[in-house]
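Me: I would like a close look at one part: the contact between the chains. Please take it slowly, then set it in its surroundings.

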Protein chains: 2
Amino acid sequence: MKEIEKLFVRIVQRVNINLRELEFNVLPYVKDLIPAAQMNKFYAFYGITPHLPLSLQFRNSGLAGSYFLGRCRVTDSLLYKTDIRGDELKKKGDVFQFQNFKIPVSRDEEIVIEDSVLIKTLVHNFSHDPETLEDFSIKDTVSAHYANIHGAPTEGCFLGPFSTVDQTTIHDCVIGTFSYIQAGEINHLNIEPGTVWVRKPGVFNFLYRYPLDQLSPYIYFAPGIAPQGMFIDFVKDRQEAFQRVFEMVHIDQPIPVPASATLDRYAVVKSKTEISENVLVSQRAYLQNATLGKGANAQENCYIINSSLEGNNVTAHGAKIIEADMGRNVFVGFNSFLLGRPESRLKIGKDCIIMPHTIIDVRKPLMVPPGHIVWGLVTSREELECNSISIDAMSKTTNRLTKGNLLFEGDGARFVSAFQDRIHHILEANGAFYNCKDKKGPKGHAQKHQNMVFNTIQPYPKGRLEGLYPTIMIQP
Amino acid sequence: MKEIEKLFVRIVQRVNINLRELEFNVLPYVKDLIPAAQMNKFYAFYGITPHLPLSLQFRNSGLAGSYFLGRCRVTDSLLYKTDIRGDELKKKGDVFQFQNFKIPVSRDEEIVIEDSVLIKTLVHNFSHDPETLEDFSIKDTVSAHYANIHGAPTEGCFLGPFSTVDQTTIHDCVIGTFSYIQAGEINHLNIEPGTVWVRKPGVFNFLYRYPLDQLSPYIYFAPGIAPQGMFIDFVKDRQEAFQRVFEMVHIDQPIPVPASATLDRYAVVKSKTEISENVLVSQRAYLQNATLGKGANAQENCYIINSSLEGNNVTAHGAKIIEADMGRNVFVGFNSFLLGRPESRLKIGKDCIIMPHTIIDVRKPLMVPPGHIVWGLVTSREELECNSISIDAMSKTTNRLTKGNLLFEGDGARFVSAFQDRIHHILEANGAFYNCKDKKGPKGHAQKHQNMVFNTIQPYPKGRLEGLYPTIMIQP
């Protein structure tokens, strides 16, 4: 058995040990998902920029096609086409406010990945666990395709395809396919597929469950088969365009890019796309006939097709926007799938919050009125009624709200302000508010990522260590 | 002043201090040769293969366009499009025979480059200095375009363009333009341009000097100007073809390559080129309408154009063969320039030794008879008479021989056998004698370099550290 196969077996065993109380066996889910032969087909790469502290360490790991930025340590792990974005790590000397605690950060924060298998997973921070400010750790964890681990330390977990853990510390949990969890800290839970759970303990609790029979045409995952459904087909249909950008060493900007914006060279840009000031387009984003207004962003694994974004729009990791017109300040959360059609376009009014993991799939034109929150599965006007609420009405909720499959308990105003604060932070961190005329205002990723260059790394091509990378250490 | 400029100034000062007795100032020669802006234009790269011990360390250095293989440590240095090939380094446990000494190698040998500027230089081993078996060191040294440092530890030296130091330990020396030195150990010498000096102290001494007025159309170098002449024009005319191979991440083999041969993906291959079994074509070699017979090799920076090599031919680093037919076992030494023309082809008979730094430039057909040694400048049949001798005749020389600008003293037979042993070693190391039918016989670079992959590295793109690389450490 080659070393890479031994490593895979060992990681799976470690995860299974962590999940023993849940009686969950990871192996049948993942055993065929990354054949060893795939692990030396794609180069991994990391970004270098003068704006970010740099520290990378790779030991005894396979990294096929993965991307790294910032400070990250990977040991005894297999990362397949995974993005590790450490551009919001805390710095030595920062002070982290948590409730009444002011906690000093004692050294530069680092993403630490050990004994884990991450498949096409997006790892980003900024993490909110006050217990571990210096290490953002992913340990004994297996994640499947297009999972997002966002500021969420994980230990002993299995994350299903298109699942997201967001500002949540998780121990020994199974996160079901397409589930979104933002819940503070959770332990020993087996989260059903299609769960959207946003909780601030003692303040609010938002819980939605997809009807599984209606979710399965979009995404379905079971032991022994690869993930399948419309999400997978959609991504596969567009894979070839990415091959081209990965094959070239240098790529000229395919369209004009303002001085205050960044278009990553590993993004795909198709015809008639326009990029305005302060726009951030990240690697593995896909733009086709897309108009991005000032301060809009398009994050990793997102797709924006035949659509316009008016400005200050967030298109979070893995979100897809097709045949849609988005007003100003619209937020589209992780892995949402917004599918209009040429004859039935989707319009989202300004200031709307499309919750993470929302599916809107319409065959008649649909307009989401301004200032609304939308969640869950929406395929018609009636379902929109059932799966949305105005921000005003939500802010007035003080106790309990049930609507369709949603149960909300707690303080609606604090739920709204938590989201709005978060969106403001995202826009600011991405550089949407930068004053490009006077070159004032806070610089963000859109300005700081411009002068990035990329190094490529490859594994041993043959022999016992085939598919594993040599030990690589990068320091400033 | 940016850090890279400070580093350049500091290195030049260190070399000048070493060369103070010679009253030689390096600065005017090199100050405009690598403008800081060039230093972040080209990626550097290193090879990974299961067959070679791997250890690389880069600290506070610029590496633009340079290539690394094997074990190498670069500190406080500027390497511009330089090749560091550590595939013949000694290993821990080897025993090095030197005269009557059997010296154990106590740890894996490493190429150590400190406080040096190397421009388009080729560094290869294997080094023969019995004093420093574990470190092959290049320190306080500046080398200009297409210099070769071959198994030659250097300290406090300046190497002119197209010069070669070969199995020679040099301290505080200036090696003139296009000079070739293989002399054991030398100190505090200022070698005139166009010197070809092969010495084994107490055994033989071969000394040829080019007439400088006849050398200058080929290569000329003076303070304040870039190197110029036919050598430079020749290389520049073919630069564009290399840009293409560096722009692609993957390149399919442009022609069929036998299982026992290696064609490096960073070589240029133009129309009608044929590669036989056991052939090695290294990175930055250029082949155009070239036929390489079994066991022939084409080393770094060599050009083979409209020419055929019958088999077991060595085309050493930087050698150029144009419109020529080479018999079996012909050796063409470093930086030689063999220029036939379509109407006046050059034929070299089998078993010939074309000494390093030989120029043959003919406008009438010329045939070098088999079994001859050729040196110096040959533009006609008469000059060939004057600048060649049969191996038989040379072997009978027992004391002193003068021919044209050549002075030979010592034991001709030992001179011949030293060369022949060396050529045999080169062919063996390159895998020319591998038995590809039975998969027997010693494997060499032609067989071992096949499964090589390449990682690319880039410097800081902007800011104070622009052009310098982060600290990078690669271990197995």
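Reply: What follows starts at the contact and then moves into the chains.

This is a predicted model, where local features need pLDDT of at least 70, side-chain atom pairs count only at pLDDT 80 or more, and totals for chains, interfaces and linings use all residues. Residues are numbered from 1 along each chain as its sequence is written, while chains are lettered from A and ligands numbered from 1 in the order in which they are written.

Start with the contact. Chain A gives 29 residues and chain B gives 27 residues. Two residues are in contact if their C-beta atoms, placed from the backbone, lie within 7 Å. On the side of chain B that touches chain A, α5 (239–247), β46 (453–457) and β47 (471–475) each supply at least two residues. Such helices (H or I, at least four residues) and strands (E, at least two) are DSSP runs, numbered from the N terminus. That side of chain B holds 17 nonpolar, eight polar and two charged residues. Here Ala, Val, Leu, Ile, Met, Phe, Trp, Tyr, Cys and Pro count as nonpolar, Asp, Glu, Lys and Arg as charged, and the others, Gly among them, as polar.

Now look at β47. Strand β47 (residues 471–475) of chain A pairs with β47(B) in the antiparallel sense, over five bridges. Strands pair if DSSP finds at least two bridges between them. Across this pairing, Met473(A) faces Met473(B).

Why do the copies meet through the same surface? Because 100% of the interface residues of chain B are also interface residues in chain A. The symmetry comes next. Two copies of a chain are related by a rotation about an axis and a shift along it.

Now go into chain B. Six of its strands form an open, parallel sheet in the order β5-β10-β13-β16-β19-β22. Its edge strands, β5 (78–80) and β22 (190–191), each pair on one side only. Within the sheet, two bridges join β13 (residues 142–143) to β16 (residues 158–159) of chain B. Val142(B) stands opposite Phe158(B) there.

Ile84(B) lies in strand β6 (residues 83–85) of chain B. Ile84(B) counts as buried because 27 other C-beta atoms lie within 10 Å. The cut-offs are 20 or more for buried, 12 or fewer for exposed, and partly exposed in between, with C-beta atoms placed from the backbone. Leaving aside neighbours within four places in sequence, the contacts of Ile84(B) include Phe68(B), Ile111(B) and Val123(B).

Chain A has an open sheet too. Its eight strands run β25-β28-β30-β32-β35-β38-β41-β43, with mixed pairing. At the edges, β25 (262–263) and β43 (388–390) of chain A each have a single partner strand, so one side of each is left without a neighbour in the sheet. Inside, β30 (residues 297–298) and β32 (residues 314–315) of chain A pair in the parallel sense. Ala298(A) stands opposite Thr315(A).

Last, the core. The largest nonpolar core has 282 residues, and those touching the most other members include Leu287(A) and Leu287(B). Such a core is a set of buried Ala, Val, Leu, Ile, Met, Phe, Trp, Tyr and Cys residues joined through C-beta atoms within 7 Å.
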